[in-house]
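Me: I'd like to learn how the labels in a structure description are decided. Could we go through some together?

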Amino acid sequence: MAKYLLLKHYRGAPAPVNDVPMDQWTPEEISAHVQYMNDFAARLEKTGEFVDGQALAPEGSWVRYDGEGCPPVTDGPFAETKDLIAGWMVIDVDSHERAVELAGELSAAPGAGGRPIHEWLEVRPFLTAHPTVTE
């Protein structure tokens, strides 16, 4: 089995087909979306393929160690993950093909008007060995 991260983006990927931002959805549309995600995770729990998943709040800060004392906190002039990443799911599957299949299904979560979002999801395998250095 191999672990994969399914990364949901706010932006940074091509626009989804149903491109209405979640802050413009009705409470019912948000509930339907969350229920779809929960049902998807529950089904994968039964097959042993679900590891974890979370939606992320829009708040966040960049923090960096800068020597002794308090680390600086900034909202710099760069794209921040709070602007880019909406949430994630970790799955443990037999193949990359299965990870892609599940990401495609997850992409169909409902959005505005109850229609599937068809959002782009980033599928990334976990690093399982240290990269080799070639000279």
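Me: What makes glutamate 101 and arginine 98 separated by about one helical turn?

Reply: They are 3 residues apart in helix H3, so about one helical turn separates them. A helix here is a DSSP run of H or I with at least four residues, a strand is a run of E with at least two, and both are numbered from the N terminus. One caution: this is a predicted model, where local features need pLDDT of at least 70 and side-chain atom pairs count only at pLDDT 80 or more, while totals for chains, interfaces and linings use all residues. Residues are numbered from 1 along each chain as its sequence is written, and side-chain values use heavy atoms, without hydrogens and water.

Me: Why is lysine 8 called buried?

Reply: Buried means under 20% relative accessible area, exposed over 50%, and partly exposed in between (1.4 Å probe, protein chains only). Lysine 8 has 10%, so buried is the word. Glutamate 101, at 46%, counts as partly exposed.

Me: What makes H1 and H3 roughly antiparallel?

Reply: Their axes cross at roughly 155 degrees. Angles under 35 degrees count as roughly parallel, over 145 as roughly antiparallel, 65 to 115 as roughly perpendicular and the rest as oblique. H1 and H3 are therefore roughly antiparallel.

Definitions and conventions:
Axes are lines fitted to C-alpha atoms, for helices over the stretch in contact, and angles run from 0 to 180 degrees between N-to-C directions.
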